[in-house]
Amino acid sequence: MKHRDTPYTCHVFVCVNDRKGERQSCADGVGTAIKDLLKQKVEERGWKPQVRVSQSGCLGVCSSGPNVMIYPQKIWFGAVTVDDAEAILARVGELIGRADQ
Ligand code: FES
């Protein structure tokens, strides 16, 4: 095993877990749409070298979903809607020193 530092300043995890209605899960909301939108915006803004948006499985806080978590800053956004994407991006912009975009 090789131990390395992550290449990203911010790694944005968007839960897209789908429990198919058996229990609340982030896919009941708009997890996939949020992930797609954040990925698109990060690419458009040229943040990809510093920021990675990844879909994730369950982040362990299903009843608060849809959930987005940012590491290593340990930031958690719950009850996210598509309308929250710009606010999340603004926070990411601050974290990477690109708050002007
Ligand atoms: S299903 Fe998204 S946090 Fe559990």
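**View 1. What lines the largest cavity.** The lining includes Cys15, Cys26, Cys58 and Asn67. A cavity is a set of points on a 1 Å grid over the protein atoms alone where a 1.4 Å probe fits but cannot get out, and lining residues have an atom within 4 Å of a point. The volume is about 40 Å³, taken as the space filled by probe spheres set on points joined across faces, edges and corners.

This is a predicted model, with local features needing pLDDT of at least 70 and side-chain atom pairs pLDDT 80 or more, while totals for chains, interfaces and linings use all residues. Residues are numbered from 1 along each chain as its sequence is written, and side-chain values use heavy atoms, leaving out hydrogens and water.

**View 2. Asn67 up close.** Asn67 is buried, at 2% relative accessible area (buried means under 20%, with a 1.4 Å probe and protein chains only). Its side chain makes a polar contact of 2.8 Å with the side chain of Trp76; such a contact is a pair of N or O atoms within 3.5 Å, one able to donate a hydrogen and the other to accept it, and residues adjacent in sequence count only if both atoms are side-chain atoms. A polar atom of the Asn67 side chain also sits 2.9 Å from the backbone oxygen of Val61.

Notes: On a 1 Å grid over the protein atoms alone, a cavity is a set of points where a 1.4 Å probe fits but cannot get out, and a pocket is an open set with protein on both sides within 12 Å along at least five of seven lines; lining residues have an atom within 4 Å of a point. Buried means under 20% relative accessible area, exposed over 50%, partly exposed in between (1.4 Å probe, protein chains only).
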